[in-house]
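Open the model in your viewer and keep the selection panel at hand. The stops below say what to select and what is found there.

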Amino acid sequence: DVTVFAAASLKTALDNIVEVSGQPGVTVSYAGSSALARQIEHGAPAQVFISANTAWMDHVEDSGLIAPGTRRDLLTNRLALIAAPGSDVALPIGPDMDLAGVLNGGRLAMALVDAVPAGIYGKAALTALGQWDSVQPQVAQADNVRAALRLVALGEAPLGIVYATDAVAEPRVRVLGLFDTALHPAIIYPAALVKGGDTPEARAFLEYLSTDAARAIFKANGFSFPEGQP
Amino acid sequence: MSLSVSITRQQGDFTLDAAFDAPEGITALLGKSGSGKTSIVNAVAGLVRPDRGRITLDGEVLFDSARGMHVPPSRRRLGYVFQDGRLFPHFNVRQNLTYGLRFAPSGATGPDLASVCDMLGLSHLTDRRPGALSGGEKQRVAIGRALLSRPRMLLMDEPLASLDSARKAEILPYLERLRDDTGLPILYVSHSVPEIARLATTVVLIDAGKVTGAGPAERILSDPSVVRQIGLREAGAVIPTRVLEHHDDGLSELVFSGGRLLLPRIDKPPETPVRVRILAHDVILSLHAPQGMSALNTLPVTVLSLREGDGPGMIAQLQCGDDRLLARITRRSATAMDLSPGKPLFAVIKSVAVARADVGAG
Amino acid sequence: MSLSVSITRQQGDFTLDAAFDAPEGITALLGKSGSGKTSIVNAVAGLVRPDRGRITLDGEVLFDSARGMHVPPSRRRLGYVFQDGRLFPHFNVRQNLTYGLRFAPSGATGPDLASVCDMLGLSHLTDRRPGALSGGEKQRVAIGRALLSRPRMLLMDEPLASLDSARKAEILPYLERLRDDTGLPILYVSHSVPEIARLATTVVLIDAGKVTGAGPAERILSDPSVVRQIGLREAGAVIPTRVLEHHDDGLSELVFSGGRLLLPRIDKPPETPVRVRILAHDVILSLHAPQGMSALNTLPVTVLSLREGDGPGMIAQLQCGDDRLLARITRRSATAMDLSPGKPLFAVIKSVAVARADVGAG
Amino acid sequence: MTDWLSPTEWQAVALSLKVSLWATLVSLPLGVLVAFALARWEFRGRQLLNGLVHLPLILPPVVTGYLLLIVFGRQGPIGAWLDQLFGVTLAFRWTGAVLAAAIMAFPLMVRAIRLAIEAVDPRLEQAAETLGASRAWVFATVTLPLILPGVIAGSVLAFAKAMGEFGATITFVSNIPGQTQTLPSAIYTFLQVPGGEASALRLVLVSVAVAMLALLASELLARRAMRRVSGT
Amino acid sequence: MTDWLSPTEWQAVALSLKVSLWATLVSLPLGVLVAFALARWEFRGRQLLNGLVHLPLILPPVVTGYLLLIVFGRQGPIGAWLDQLFGVTLAFRWTGAVLAAAIMAFPLMVRAIRLAIEAVDPRLEQAAETLGASRAWVFATVTLPLILPGVIAGSVLAFAKAMGEFGATITFVSNIPGQTQTLPSAIYTFLQVPGGEASALRLVLVSVAVAMLALLASELLARRAMRRVSGT
Ligand SMILES: Nc1ncnc2c1ncn2[C@@H]1O[C@H](COP(=O)(O)OP(=O)(O)OP(=O)(O)O)[C@@H](O)[C@H]1O
Ligand SMILES: Nc1ncnc2c1ncn2[C@@H]1O[C@H](COP(=O)(O)OP(=O)(O)OP(=O)(O)O)[C@@H](O)[C@H]1O
Ligand code: MOO
Ligand SMILES: [Mg+2]
Ligand SMILES: [Mg+2]
């Protein structure tokens, strides 16, 4: 049996992959990367850990809980600017876009900008574009990126910044554009085996995640792969 | 003012099926424990709804099952002194007492706080909470609270049961004054026949949920057939008299159809009508007018009937003028004196045997 | 068994400072409302802690402030009939009654459920909850509950106040039997002097938290100086007598130092000592031995003292054999008969005036 | 101490207090009413009302927040209506945080008050009625004072819950510093970053201190009320 | 209906029921004890205990979960001790979910029971004492039956809370299907997926249905108990 701890945003893709892989006894515990990392720190029976950012994986690795040599950057993602249903704004992403003007008193939905990865990246991108200061008071921070997406999908916030993967999966929102990957630190989903959970089955599952079959599924869900990998 | 009650109600196995009229004055409900007295009072107060029937006060319908009418208790304006106290624990004595005042219509008159406190001996307790009162103190507050709500009628369920005789002796005259001066009608539940004899204008006998007798106090309490129900010890006659004059030695002379009576002073002016209760066991029969005895009252009487009781006792009903007396004697004496209906005799009554508590203005 | 109490306790403005001994039998606490009776009983039961003092039962210390001793109520084994009922609302009558049984030591004997139900007229109510009982029914359950806990002593705080006289007449003999047959001591609070006179071996007078008199019931209740405190109407003498014989006509003949008394049948075998209470107002004085009268008892007496009361009444204390009687007469009669200490007279007492309720075995 | 917390953190503390107080106060009258209805009235839909009141307790807070968003959001049926008619916006405002906290705390408040109402001796209320007090007066002068300890207990429970409420609040009104960033949101934020535990701890301590003070105050109040009720 | 939920979802439902029931049952005796101590005993540290009991209510659930992880985790002081001495592991087991739910629900349970205890007329307990009942017997035969409605109310409140508990549970024992994935965790997981609302809704309905049944049952029970207590 294999116990996988995975960031909650991977659920759709990963559930699909587990099914397709045909490997029996794989259970996935989805939660926020922070919760999972802390649990691993406190002896959780996780064998595979897939974090939504490098910071928490670093944290676990620094604690010496990663099986050496098993960490890899599994996936990457992009940030998307999205608009609420029924909105017809066109707003090309750039330093001179009038984000605040388009919001017109409405909210820009993001994940927590100091805590949740999607929020941190989004803030970095807006800062790089020189937009952060003007738009900051309008930002509504949700506790995770899915909640931010939901705010836009429900029309409560006219605009939002989420992962491209989220935007793909939510038909109600319209993608206005993707942020240039240079505007923010690379969005990387690292995966690794947890020390003590290093069994052949776990290893096999981790390897399977990099197979073409798995990648096809990830791709269908909007994920990309690190430089140098197709 | 007159209350008219005619109700039925089933509670568990117990069937209440009572109809009576309570004219002006004090109407006493007399009956043993569990006979349904409290149930009747609760129905009059509006706290329980009879299954069927009608209750009217002075023509105003309080309850009528046929018309689906049920005036809520708060609009009946009946001051209820509960058998179980029910003081408000979160109010002090003063607040308890004055609770009903604010709801009384502005026109309603009645005693004020000071006079009620005075009469009930509560003045030093006004700042206490009920939890710090003795049993009798609580009961007195309950009486005061009902009085101060300026009700149209008082409902009193054994209000004096937990009070000592000295305290009772203070409250009873007050209730009499209420009855006489303000005409406030009272529905009064009590186990104490002396209390009832003193206060009641009307007596309603209750047994197992039914009315077994009702009428003027004089008649009911003098009815030898009632003796069984209320207990031999309490049998007696209530006689309407009139104050004649007050003597210097503290005695008052009363006159009635059968003659004159000397009693300890009664605080009523001459000509006032006064009801006097003479217990059957306080009457001694004598063949001759006795001489040199401390009993001051000797009345000529004729034997009307002799009624055997349980044991060695008999009740003799005596005609005395237009009124009737009861005497409780032993069978041995009856035989010795050869008593039979029609026989003329003398009834000897100690003046003091007609005690204050048995005198009621009426 | 003997209870010895000597305690002080401050509650609010009220100071309880009481010391008395309760020997075998029934000890009555007599005092007006708020005088501290319930407070004393609570201290004996262990429900309140006196500030200072000592309470012992039959030599066993229940409370001793000097030694810091306070036996918890549950280990005192005193059956307490509360002034305020306190039935368990979640138990039915049977469960209430038998609650204490399981805690009684296996050796303890006492009445069983059936006999208690019978005596208190509760048999048809055993499945009811207290909420569905009348006031008097509740009180009877409370009495039964205390009895069935097989206590070493009974504490009864106005146990009969809410009961009618018929019911009382059933319970009183039962309490007498308890007193006489089982020797169960009882501390008894009551406002009713007849009740106390009938039951009490010892009377303790309480006024404003202090003991103002204590001693054998005969002495205390026959003491003219006590008359004031307990009310004129209740004054009387208690006389120790002995059953002589029972006559066919339902009368019993008793003998005492002053002569013989005829009373309605007393259910005691000849030679049984019986206490008899003769109310002052039931005694008529006569200069001559009366003839042809329904009063069966005529006793030669001598005037001991004459005591003026309020109003027109006087209390005459009479020597009758070795015992004393009280008679209440008017000043007018005293003058007419020229009464003075030493004068020989006849006391006329209707046999029936010594009513059942005033006869106590003792 | 002013140095100890950053201005934003102070804002979060102040906002949490404000939100919790308002949530408690606003829901109190309704809480008493609903508790009374559940305890005393027989009506069709009683069980439904009871279930509805308990819903926020049963559902994960996030779900409650989501439902709030759907119903009270700008696009939501009630939210849009409130906006048009009264110009009241709840979404992304502290008022919305009040609504979320109030709804989450409501079952606790109602339960406590209901229990107190059920313990009131109806014979006392009857006595008041016979003295001429209408139902409303009886409630104000007898029932209410007698249930006061329960009302206080319920209110403090609600206040404490409001102080700790996170899931529904952040889902419904997000986390806007100075406007909707309550103490729990701030704490959560710190817990999401590696090494943020120390900062979170500081805020936890503040949160605990505030709630403890509230508890202590309520204990004193409730004791007083209790002494009144016991009649001594 | 078996088709309506996936096997994992059924597992989540079953687990939530199991966890909530155990959490309620396990904490009940302690809850009664603590409520009794808070209501009746005067001791140093009374206010401290009171505060401690309320803590889970005041803190964001995530914080509580984190504290549980620290204290009861495999490396935690108590967790390690339990493991060594009794071989009991809480972290990442359903037993840990029970602990988390119990702790989160505890303040609700204690408050309700305490209120009921404070409403008991001490004169009835005195009466029982004079009849020979020791303190323990008095408690068992008088106090306990009289507070039964409160105990039932508190237990249902706790059960409902346990059914809805999410933050502390997922933080302490994670979200492992079949082992620690409770209904709320499952709902949360669906809410993390775009378009997962429909699936979440299904689970929400199940959750509501279960809780409503529990509520209804408790209402009936409490009514019975209440009728007993009112003595008719
Ligand atoms: N908690 C208290 N605080 C202050 N005073 C109190 C308290 N409890 C009782 N008292 C007072 O103590 C006195 C004695 O009360 P207690 O109940 O012993 O009287 P009692 O003789 O039994 O009266 P009753 O015949 O009316 O029952 C009363 O004056 C009462 O007001
Ligand atoms: N809820 C009830 N269910 C069943 N029976 C009841 C209920 N309430 C009262 N009863 C019965 O109704 C009868 C009348 O009760 P009620 O209280 O009217 O008597 P009461 O005449 O006032 O007696 P007491 O003098 O003892 O107070 C009693 O036999 C009592 O047992
Ligand atoms: O760690 Mo997340 O839930 O992918 O924002
Ligand atoms: Mg009654
Ligand atoms: Mg008393």
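Begin by selecting Asp249(B) and Arg332(C), whose side chains meet in a salt bridge with an N to O distance of 2.8 Å. Bear in mind throughout that this is a predicted model.

Now widen the selection to the whole interface around that pair. How many salt bridges does the rule find across the interface of chain B and chain C? The number is two. Residue pairs in polar contact, with both residues at pLDDT 80 or more, come to 10 between chain B and chain C. On the side of chain B that touches chain C, select helix 4 (135-148), strand 14 (259-264), strand 16 (283-286), strand 19 (323-330) and helix 9 (331-337) of chain B; each supplies at least two residues to that side. Colour this side of chain B by residue class and it divides into 22 nonpolar, 20 polar and 16 charged residues. The contact as a whole draws 58 residues from chain B and 58 residues from chain C. Between them the two chains bury about 4,600 Å², with 53% of that area on carbon and sulfur atoms.

Next, show chain D together with chain A. Here the contact involves 24 residues of chain D and 22 residues of chain A. About 2,100 Å² is buried between these chains, and carbon and sulfur atoms give 55% of it. Which residues of chain D lose the most area to chain A? Select Phe92(D), Gln192(D) and Pro194(D), which together account for 25% of what that side buries.

The count of salt bridges between chain D and chain A is one. To see a salt bridge here, pick Glu197(D) and Arg38(A), whose side chains meet at 2.9 Å, N to O. Helix 3 (61-72), helix 8 (167-173) and helix 9 (183-191) of chain D are the elements giving two or more residues to the side that touches chain A. That side of chain D consists of 13 nonpolar, nine polar and two charged residues.

For the last stop, hide everything but chain A and find its open sheet of five strands, ordered 7-6-8-5-9 with mixed pairing. Strand 7 (139-142) and strand 9 (174-178) of chain A each have a single partner strand, so one side of each is left without a neighbour in the sheet. On average, neighbouring strands are turned by 30 degrees against each other, direction ignored.

Select strand 6 (residues 108-111) of chain A, which pairs with strand 7 of chain A in the parallel sense over four bridges. Leu108(A) has Val139(A), in strand 7 of chain A, as its bridge partner.

Terms used
Residues numbered from 1 in each chain as written. Chains lettered and ligands numbered in written order. Predicted model: local features only at pLDDT ≥ 70, side-chain atom pairs only at ≥ 80, totals over all residues. Heavy atoms only, no water. Contact = heavy atoms within 4.5 Å. Buried area = accessible area lost by both parts, 1.4 Å probe. Salt bridge = Lys/Arg side-chain N within 4 Å of Asp/Glu carboxyl O. Nonpolar A, V, L, I, M, F, W, Y, C, P; charged D, E, K, R; others polar. Pairing = 2+ DSSP bridges. Axes fitted to C-alpha atoms, helices over the stretch in contact; angles between N-to-C directions. Polar contact = N/O pair within 3.5 Å; in protein donor to acceptor, adjacent residues only side chain to side chain.
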